[in-house]
Every structure is written in C-alpha cells, then in structure tokens.
Amino acid sequence: MKVAFATEDGVHVNAHFGQSPMFTVFEIRHSGVQFLEHRWIALGSDENEAGKIASRIGLIEDCALIFLVQIGASAAAQVTKRTIMPVKVAFGSTIEEQVQRLQNMLARNPPMWLAKILHAEEGSGKAES
C-alpha cells in the first residue's frame with residue numbers, strides 16, 4: 001500500500017495537511033518498504049482554501065494513508081471521502097519510525113482500521129505482497 005507523510009523536510013512528520021510543502025511517499029508491504037518519491041505542492045496551488053485542499057489530495061490520491069500533524073475538518077472529510085485515512089501523529093516524529101511502526105502492525109495482527117484498508121486494496125487488485 002502507498003503511504004504519504006506530510007513533511008517539511010522529508011525526514012519528519014512535521015506539517016499540517018494544508019500547509020505541507022510536500023508529501024513523502026512510500027510503498028509498504030509485508031515483504032518490505034520502498035521509498036517512492038517526494039511530491040511537492042505546485043506553486044500557485046494555494047490561492048484559495050478549495051484549491052489548497054484539492055491540490056494536496058491530487059498528490060496523494062493513490063495513497064491509502066496520510067500521516068500528518070494536523071488536518072482541518074473540511075480537508076479531513078474530503079480526504080476520507082477519497083478513501084485515504086488521515087493518521088495524526090506527534091509533531092516531529094520521524095517518518096522512519098512511523099514506517100517501522102506501520103510495518104510492525106502489518107507483521108502482527110493489524111488493528112481493524114488497517115485490516116479494512118488492506119482488505120479493500122486486495123479486493124481492488126492494488127495490493128501486492
């Protein structure tokens with residue numbers, strides 16, 4: 001599954017969804033983790049609130065999860081409507097520790113919310129192990 005992280009530096013989860021200059025994206029599977037890319041917010045996409053949210057959702061629409069520090073109610077509703085689950089974490093936690101935490105959950109008995117995401121991806125043919 002693809003997972004995005006709202007970040008200012010590509011190392012820490014340290015950004016609000018609406019202010020994040022980029023998202024760092026990983027592919028996380030039972031078999032391992034692969035860094036995919038940094039996805040930068042295009043200049044001029046922050047002209048208004050609707051454009052800000054839409055441009056960010058467009059960058060992560062292929063992801064199942066978005067790890068972030070904070071997200072507004074309107075943005076959260078739009079993100080979840082696209083079947084992307086926002087996951088709030090402590091400011092400044094490293095992307096590496098969040099990836100490891102997620103991989104540990106996958107290796108054990110995943111919590112219900114994660115099992116539902118995995119099941120949905122398997123049903124759509126997106127998941128690869």
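**View 1. The largest nonpolar core has 20 residues.** Its members with the most contacts inside it are Met1, Val3, Phe5, Leu65, Phe67, Leu102 and Leu114. A nonpolar core here is a set of buried Ala, Val, Leu, Ile, Met, Phe, Trp, Tyr and Cys residues joined through side-chain atoms within 4.5 Å. Buried means under 20% relative accessible area, exposed means over 50%, and partly exposed lies in between (1.4 Å probe, protein chains only). Two or more residues each come from β1, β3, β5, α3 and α4 (112-124). Helix α3 gives the largest share, five residues. In soluble globular proteins, nonpolar side chains tend to be buried together.

The model is predicted: local features need pLDDT of at least 70, side-chain atom pairs count only at pLDDT 80 or more, and totals for chains, interfaces and linings use all residues. Residues are numbered from 1 along each chain as its sequence is written, and side-chain values use heavy atoms, with hydrogens and water left out.

**View 2. Val3 and its contacts.** Which residues does Val3 touch, not counting those up to four places away in sequence? They are Thr24, Val25, Phe26, Ile28, Cys63, Leu65, Phe67 and Leu102. Contact means heavy atoms within 4.5 Å. A second, separate core has 18 residues, including Ala6, Ile60, Ala75 and Val79.

**View 3. Five strands form an open sheet.** The order is β4-β3-β1-β5-β6, and the pairing is mixed. The edge strands β4 (32-40) and β6 (85-88) each pair on one side only. Neighbouring strands are turned by 25° against each other on average, direction ignored. Strands (E, at least two residues) and helices (H or I, at least four) are DSSP runs, numbered from the N terminus. Two strands pair if DSSP finds at least two bridges between them.

**View 4. Strand β5 beside β6, and helix α3 on the sheet.** Strand β5 (residues 65-68) pairs with β6 in the parallel sense, over four bridges. Leu65 stands opposite Met85 in β6. Helix α3 (residues 95-107) packs on the sheet and touches β1 (2-7), β3 (22-29), β4 and β5. The direction of α3 makes about 30° with that of β3. Axes are lines fitted to C-alpha atoms, for helices over the stretch in contact, and angles run from 0 to 180 degrees between N-to-C directions.

**View 5. Asp62 and Lys2 meet in a salt bridge.** Their side chains come to 2.9 Å, N to O. Asp62 sits in the loop between α1 (49-60) and β5, and Lys2 in strand β1, 60 residues apart. A salt bridge is a side-chain nitrogen of Lys or Arg within 4 Å of a carboxyl oxygen of Asp or Glu. Asp62 is partly exposed at 30% relative accessibility, and Lys2 is partly exposed at 25%. Salt bridges link Lys2, Glu37, Arg39 and Asp62 in a network. The whole structure holds five salt bridges.

**View 6. Two further salt bridges: Glu61 with Arg82, and Arg29 with Glu27.** The closest N and O atoms of Glu61 and Arg82 are 3.0 Å apart. Glu61 lies in the loop between α1 and β5 and Arg82 in the loop between α2 (73-81) and β6, so the pair ties together parts 21 residues apart in sequence. For Arg29 and Glu27 the closest N and O atoms are 3.6 Å apart. Is Glu27 buried or exposed? Glu27 is buried, with a relative accessible area of 10%. Arg29 is partly exposed at 24%.
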